Amino acid sequence: MMQQYLRIKAEHPDMLLFYRMGDFYELFHDDAEKAARLLDITLTTRGASAGKPIRMAGVPYHAAEQYLARLAKLGEAVAICEQIGDPKTSKGPVERQVVRIVTPGTLTDEALLDDKADATMLALVPAARDKGREILALAWLTLSSGRFAAKIVAMDRLGAELVRLAPSEILLPENFVHADLANLKTALVRRPGWQFDPDRGNRLLCEHFGLADLAAFGLDDQPAIRAGAGLLLEYAHHTQRAALPHVTNLILEQDSEFVLLDAAARRTLEISETLRGEAAPTLFSELDACLTAMGSRLLRHWLHHPRRDRSLLNQRLGAIQAFIDTPPTGRMARDQLKGMADLERIAARVALKTARPRDLAGLRDSLARLPDLAGILESAGEILESLARPMDFPDEPRARLRRAIQAEPAAVLREGGVIADGYDPELDELRALQSDCGGFLMAMEARERERTGIANLRVEYNKVSGFYIEVSRAQADKVPADYHRRQTLKNVERYLTPELKAFEDRFLSASERALAREKLLYDELLEALSAVVADLRRVAEAVATADVLAGHALLATERRYVAPEFSPEWGLAIQGGRHPVVETRVEAFIPNDLQLDPGRRMLLVTGPNMGGKSTYMRQVAHIVLLACCGLFVPAERAVIGPVDQIFTRVGSSDDLAGGRSTFMVEMTETAGILHGATEQSLILMDEIGRGTSTFDGISIAWAVARHLAEKTRAYTLFATHYFELTQLAQEFKAVANVHLDAVETQAGLTFLHAVEDGPASQSYGLQVAKLAGVPGAVIQAARRKLVMLENQQIAASPQGDLFAPAPAPEPVINPALERLLEVDPDELTPRQALELLYELRGLV
């Protein structure tokens, strides 16, 4: 057996091998030690090999999925090795072979997947230079949906694409190195260079699609894409050990289709993941009103893929408005959607022949709901009728599925009880033999009690012992001669008679034959359904789209969202804009307006810390993003001009693993914006220049703002605490100052959160520090230093000698004023206050 194991393990050296032995998947040697550490299971030793104890660990086969899910999340690949031979006829070890390979990017089982996110595998292939630029070919495949796409990107945009696609596994050449891969938690699978051969990829793709060439996909002049896409298909075939009939198309994406977001923008806007890496609260978690998992995934996809095609966006907005205008339609449609299974993923499992009985039961019940859902949409007008048309599904497979599957089938086929009674006469006959078992046992028990005179004699069956006659030890001397002892227990003896043995043979034969017959019928059913996988995928997409639009209509009504308006003219106009995430977490959110037009292209945003500058800027980006997804926006009105990209430089973080400081990260992102932004880009810049000296920071921030105002001329919101930058509004007519204010009262500092024209008067940094809990002594020391610095600035001569500037005079601070600055009035008793007054009088 160990020779067999070692032979199979040698074929899969770079992954864990789950080796089936009875009711367990066993792991041996280094695999056992690694699995014990990763899964927190027991590591034992058994026997010896080459004079050393064999390390082993195992997991129950019926609970294997939970362990596979944990390993996939850790980026591990696992080869599943099953017993395929018959133990009864095997002379040596039972024949075994690897039936599938589970990797992070090739998951299709429901138990291993996140309901609301895809598991995608990506191939990276360096391509020939284009106009002097280094470029990459990307190809990605989601097995659980059959989505297969590719594109060419500049080498410096890899980070943005990795955040957009969020792959679970990446195939890349063994010698390929890129800075954006350094800190990635995604599983990296390095392959030798010869596997990325374009001709090889061309052959693999043509074989899969059954084509003579790839001209239909526009890949004739894309050798790197052919190489990567072909390798992906080969890898998927290798892991699934099956054909991929649900992968029917390869989409060549173009940047011009989408509103592009850089990696920093996707992080900063917290589209589907918070800055802490959590799933909520995010834009996606707040907007997800979907009732089906496939609807949630589609919404997530839309949010990460904003579009430029305004006609497509208006179609989505029109459907949402139609649901809002006819509330009963939305309610009835959502009632039907509540019971829908995950048709998209079931279709993939049907295609791969891995669908389980309860998948087919869910499919049957969901298909039964389709006519009602389609009828509801068709009755609500032309716009919603267009959603219903793709929901048409052939009658024959729907009827066959309804006849074939039990109302509540067993979880797995090997348990039986999956195929419905009346579907197959041969199976019904075999089941009848099994169902007669109870009556036979009762009749035999009555006869044997009468024949033997043993009143407590019992005739029973269990899966371990089979059929037996049970007699207590005290009555064992009364059993007839034809009773043959089968088992001895503590207080009872178990026997078998020729009659009972003959029945057992018939029963077990019928049981085995029934299970074999069920498997045959189930496989035939999967084969029949695989012929309509394309129909299933079309229906799944239509249902998911209806789910997103109906759910968003409900949410838009409850939260007072409005349909954005699109304009061909340059500009952004937002009235009463709100932050879609923050407004759900505060009692009263203060709406704010935004106006950008050809005469007002940049807003310099000033104001106190915690005053709401970042929230204001992010809400503008969220509103633009939602509009470009074809969704309603949190505002009273929003008019959106042409937008091609969204950039952000907000917040501070370092990259220790990549050897980059906070300031270096900030400058790298700033450089990306200055090089990549166009006149139609939306740019958010927050606190540029904080990570270096004050004068360096002011100089960099001033130069960046000036470049954006003079050269880029994009939609720009530039937040700063450097008051010097507000002078840019006097130099450039298209630059305007706005601010968020705060007021000091006896109760403390109150933030107004309202955007007003003009620059802020002060930053209230010390007050915010006090609110944060900085000790009073530190605040007092800061106040003294602030006075000193301000006096130095005032005392400095504005007309000093340019060639030999004189040092600023040392400021003179009145002792009474210095003593007064040390005092916290809130901590004084009346007597202390009176004594302080006399002390101050003396100092003066």
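1. Buried means under 20% relative accessible area, exposed over 50%, and partly exposed in between, with a 1.4 Å probe and protein chains only. The structure is a predicted model, in which local features need pLDDT of at least 70 and side-chain atom pairs count only at pLDDT 80 or more, while totals for chains, interfaces and linings use all residues. Residues are numbered from 1 along each chain as its sequence is written, and side-chain values use heavy atoms, with hydrogens and water left out.

2. Aromatic pairs. Rings of Phe, Tyr and Trp (its six-membered ring) pair if their centres lie within 6.5 Å; planes under 30 degrees apart count as stacked, over 60 as edge-to-face and the rest as tilted. The count by this rule is 13 aromatic pairs. One of them, F209 with F217, is tilted, at 4.8 Å centre to centre and 55 degrees between the planes. F209 counts as buried at 16% relative accessibility, and F217 is buried with a relative accessible area of 15%.

3. A pair between distant parts of the chain. The pair F467 and F503 is edge-to-face because the ring centres are 5.5 Å apart and the planes stand at 85 degrees. F467 belongs to strand β15 (residues 466–472) and F503 to helix α18 (residues 498–530), so that the pair links distant parts of the chain, 36 residues apart; helices (H or I, at least four residues) and strands (E, at least two) are DSSP runs, numbered from the N terminus. F467 is buried at a relative accessible area of 0%, and F503 is buried at 7%. Both residues belong to one aromatic cluster formed by F440, Y461, F467, F503 and F507.

4. Charges over rings. A charge sits over a ring if NZ of Lys or CZ of Arg is within 6 Å of the ring centre and within 35 degrees of the ring normal. R601 lies over the face of W570, 4.3 Å from the ring centre. The charged end of R20 sits over the ring of Y25, at 5.7 Å from its centre.

5. A contact of R164. The side chains of R164 and H305 are joined by a polar contact of 2.7 Å (a pair of N or O atoms within 3.5 Å; within protein, one must be able to donate a hydrogen and the other to accept it, and residues adjacent in sequence count only if both atoms are side-chain atoms). H305 lies in the loop between α9 (293–304) and α10 (310–325) and is buried, with a relative accessible area of 9%.

6. Backbone points. A280 and P281 are joined by a cis peptide bond, with omega about 0 degrees. P281 lies in the loop between α7 (263–268) and α8 (283–287). E270, also placed in the loop between α7 and α8, has a positive phi of about 50 degrees although it is not a glycine.
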